[in-house]
Amino acid sequence: QVQLVESGGGSVQAGGSLRLSCAASGPIFRINIMGWYRQAPGKQRELVATITRDGSTNYADSVKGRFTISRDNAKNTVYLQMNSLKPEDTAVYYCHANLVVITGARDYWGQGTQVTVSS
């Protein structure tokens, strides 16, 4: 069974840091792009950051300079280091990956992890 399992969410005061992790497991032939999205209450899910297999990154303007996405291909894991957190970063954060499995390339999502930033 292919799945993405996230960890690392929690509560922090403004200015603090958190690190999210997301590990892909199961019968996976290849992992293409990986990324993080977030959804705040009453808002649509939005892109936070993505990283390609060769390490090219893309960030939402709202997190540039504060968040860093990275991946370990040997561990099938993507990370999101979040620094200088702001209350507006409060959301459920979802891991995404495009995985090549036995039926071809498919998009997978993690279960979501809550990040709460208090002022």
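In the predicted model, local features require pLDDT of at least 70 and side-chain atom pairs count only at pLDDT 80 or more, whereas totals for chains, interfaces and linings use all residues. Residues are numbered from 1 along each chain as its sequence is written, and side-chain values use heavy atoms, with hydrogens and water left out.

The chain contains zero helices and 11 strands (DSSP runs of H or I, at least four residues, and of E, at least two, numbered from the N terminus). Its C-alpha trace spans about 45 × 25 × 20 Å along the principal axes. Of the 119 residues, 42% are buried (under 20% relative accessible area with a 1.4 Å probe, protein chains only; exposed is over 50%, and partly exposed lies in between).

Four salt bridges are present in the structure (a side-chain nitrogen of Lys or Arg within 4 Å of a carboxyl oxygen of Asp or Glu). R38 pairs with E46, with the closest N and O atoms 2.7 Å apart; R38 is buried at 6% relative accessible area, while E46 is partly exposed at 37%. R38 also bridges to D89 at 3.0 Å, N to O. This pair connects strand 4 (residues 30-39) with the loop between strand 8 (77-82) and strand 9 (91-101), 51 residues apart. R66 is buried, with 10% relative accessibility, as is D89, with 1%.
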